[in-house]
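Hi,

Here is the structure I said I would pass on.

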Amino acid sequence: MTEVERLAGQLVELAAVGVDVTDMGHGPRAGGLRRMDAVGGWFHFLVAPRLRVVIIVKIVPPFGSL
């Protein structure tokens, strides 16, 4: 969870300085969702540039943790 929070924070910081984060990670998937790897797991996120938010939709922990 900590790593996902750190990566999401970095996405927000990059967006704040003008970097287009809609192309970060893997994707897009249905509805514009993107996937980013995080410590053996991954998370899906959605970027809403007009609202200036990054929405974490789903977190999948490493399979060893399940």
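Let me start with the hairpin of β1 and β2: it has 2 residues between the strands, and V39 there takes a positive phi near 50 degrees. Before I go on, the ground rules: this is a predicted model, where local features need pLDDT of at least 70, side-chain atom pairs count only at pLDDT 80 or more, and totals for chains, interfaces and linings use all residues. Residues are numbered from 1 along each chain as its sequence is written, and side-chain values use heavy atoms, with hydrogens and water left out.

**Strands**

Helices (H or I, at least four residues) and strands (E, at least two) are DSSP runs, numbered from the N terminus. β1 and β2 pair in the antiparallel sense over 5 bridges; two strands pair if DSSP finds at least two bridges between them. β2 also pairs with β3 (residues 53-60), again antiparallel, over 7 bridges. In the hairpin of β2 and β3, with 4 residues between the strands, R52 has a positive phi near 60 degrees. Of the 8 residues of β2, 7 are buried (under 20% relative accessible area; exposed is over 50%, partly exposed in between; 1.4 Å probe, protein chains only).

**R34**

What does a buried arginine without a salt bridge have around it? R34 sits in strand β1, opposite F45 in β2. The nearest side chain of opposite charge, D23, is 4.8 Å away (Lys and Arg count as positive, Asp and Glu as negative; His and the chain ends are not counted). A salt bridge needs a side-chain nitrogen of Lys or Arg within 4 Å of a carboxyl oxygen of Asp or Glu. Instead, a polar atom of the R34 side chain lies 2.5 Å from the backbone oxygen of M24, and there is a 3.1 Å distance from a polar atom of that side chain to the backbone oxygen of T22.

**Salt bridges**

The whole structure has 2 salt bridges. One joins the side chains of R6 and E3 (2.7 Å, N to O); these residues are 3 apart in helix α1, so about one helical turn separates them. The other joins D37 and R35 at 3.0 Å, N to O. D37 is partly exposed at 42% relative accessibility, as is R35 at 23%.

**Core**

The largest nonpolar core has 9 residues, including V4, L7, F43 and F45. Such a core is a set of buried Ala, Val, Leu, Ile, Met, Phe, Trp, Tyr and Cys residues joined through side-chain atoms within 4.5 Å.

Cheers

How values were computed: Polar contact = N/O pair within 3.5 Å; in protein donor to acceptor, adjacent residues only side chain to side chain.
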